[in-house]
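Subject: Structure for your review

Dear colleague,

Please find below the structure that I am handing over to you. My findings follow directly after it, arranged by topic.

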Amino acid sequence: MKLIYLNIGLSSVFDSQVLGLLRAYESSGEFEEIILFYGWKNRAEIEKVNEKFSNTSTTVIFFRAFPNYPVIKWLTVFSILRAIKPVKKLNEYIFHVRGEVPGYYLLKALKLIRSNK
């Protein structure tokens, strides 16, 4: 099995809930590949997240996350779309999304990928 975990923002529980969970998955050997799709809100987050995952085999792919406003939210959807398009054989992955709004964005991006085939 392969895992794609999607998260937006560096929250106060990131280390315990996101990093902790992905490290536990990694040490269990349950997944042959783990990819974290991380939506950054400011560029400083990129360096912090890279540092946190430097000693893991988790692949981190960044996308830009925009504010959740009716028109602007589509920028986040398209940002996710650009980040996820290069991943081959998406049907081989289990998706785990932290939060309802990022889940909605991912669903919209996946529907756009499907409609372009």
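Asp15 and Lys52 form a salt bridge, with their closest N and O atoms 2.8 Å apart. Asp15 belongs to helix H1 (residues 14–28) and Lys52 to helix H2 (residues 44–52), so this pair ties together parts that are 37 residues apart in sequence. Asp15 is partly exposed, its relative accessible area being 42%. Lys52 also falls in the partly exposed class, at 24% relative accessibility. Please note that this is a predicted model, and that the values in this message are to be read accordingly.

The count of salt bridges comes to 2. The other pair joins the side chains of Glu92 and Lys2, at 3.1 Å from N to O. Glu92 sits in the loop between helix H3 (73–84) and strand S4 (93–97), whereas Lys2 is part of strand S1 (residues 2–8), so the contact ties together parts 90 residues apart in sequence. With a relative accessible area of 37%, Glu92 is partly exposed. Lys2, by contrast, counts as buried because its relative accessibility is 17%, and the buried class covers values under 20%.

The backbone of Lys89 deserves a look: its phi is near 55 degrees, a positive value in a residue other than glycine. Lys89 is exposed, with a relative accessible area of 55%.

I turn next to helix H3 and its surroundings. The axes of H3 and helix H4 (residues 100–115) come within 8 Å and cross at roughly 60 degrees. That angle makes H3 oblique to H4, because the roughly perpendicular class runs from 65 to 115 degrees and the roughly parallel class lies under 35 degrees. The crossing of the two helices, H3 and H4, is right-handed.

Two residues of H3 may be set side by side. Thr76 is placed in helix H3 and counts as buried, at 0% relative accessibility. Its C-alpha atom is separated by 5.1 Å from that of Ala65, a residue 11 positions away along the chain. Leu75 is likewise found in helix H3, but it counts as partly exposed, at 42% relative accessibility. Between Leu75 and Ser12 the C-alpha to C-alpha separation is 25 Å, and these residues are 63 apart in sequence.

Leu75 also contributes to a nonpolar surface patch of about 400 Å², together with Tyr69, Val71 and Ile72. Of these, Tyr69 is located in the loop between strand S3 (59–64) and H3.

Finally, Gly99 lies in the loop between S4 and H4. Gly99 is partly exposed, with 38% relative accessibility. The C-alpha atoms of Gly99 and Pro70 are 18 Å apart, and the two residues are separated by 29 residues along the chain.

With kind regards

Definitions and conventions. Residues are numbered from 1 along each chain as its sequence is written. This is a predicted model: local features need pLDDT of at least 70, side-chain atom pairs count only at pLDDT 80 or more; totals for chains, interfaces and linings use all residues. Side-chain values use heavy atoms; hydrogens and water are left out. A salt bridge is a side-chain nitrogen of Lys or Arg within 4 Å of a carboxyl oxygen of Asp or Glu. Helices (H or I, at least four residues) and strands (E, at least two) are DSSP runs, numbered from the N terminus. Buried means under 20% relative accessible area, exposed over 50%, partly exposed in between (1.4 Å probe, protein chains only). Patches are made of residues with over 30% relative accessible area and no salt bridge: like charges are joined within 9 Å, nonpolar side chains (Val, Leu, Ile, Met, Phe, Trp, Tyr) within 5 Å. Accessible areas come from the Shrake-Rupley method with a 1.4 Å probe; for residues, only the protein chains shown count as cover. Axes are lines fitted to C-alpha atoms, for helices over the stretch in contact, and angles run from 0 to 180 degrees between N-to-C directions. Angles under 35 degrees count as roughly parallel, over 145 as roughly antiparallel, 65 to 115 as roughly perpendicular and the rest as oblique. A crossing is left-handed if the near helix is turned anticlockwise from the far one by less than a right angle, and right-handed if clockwise.
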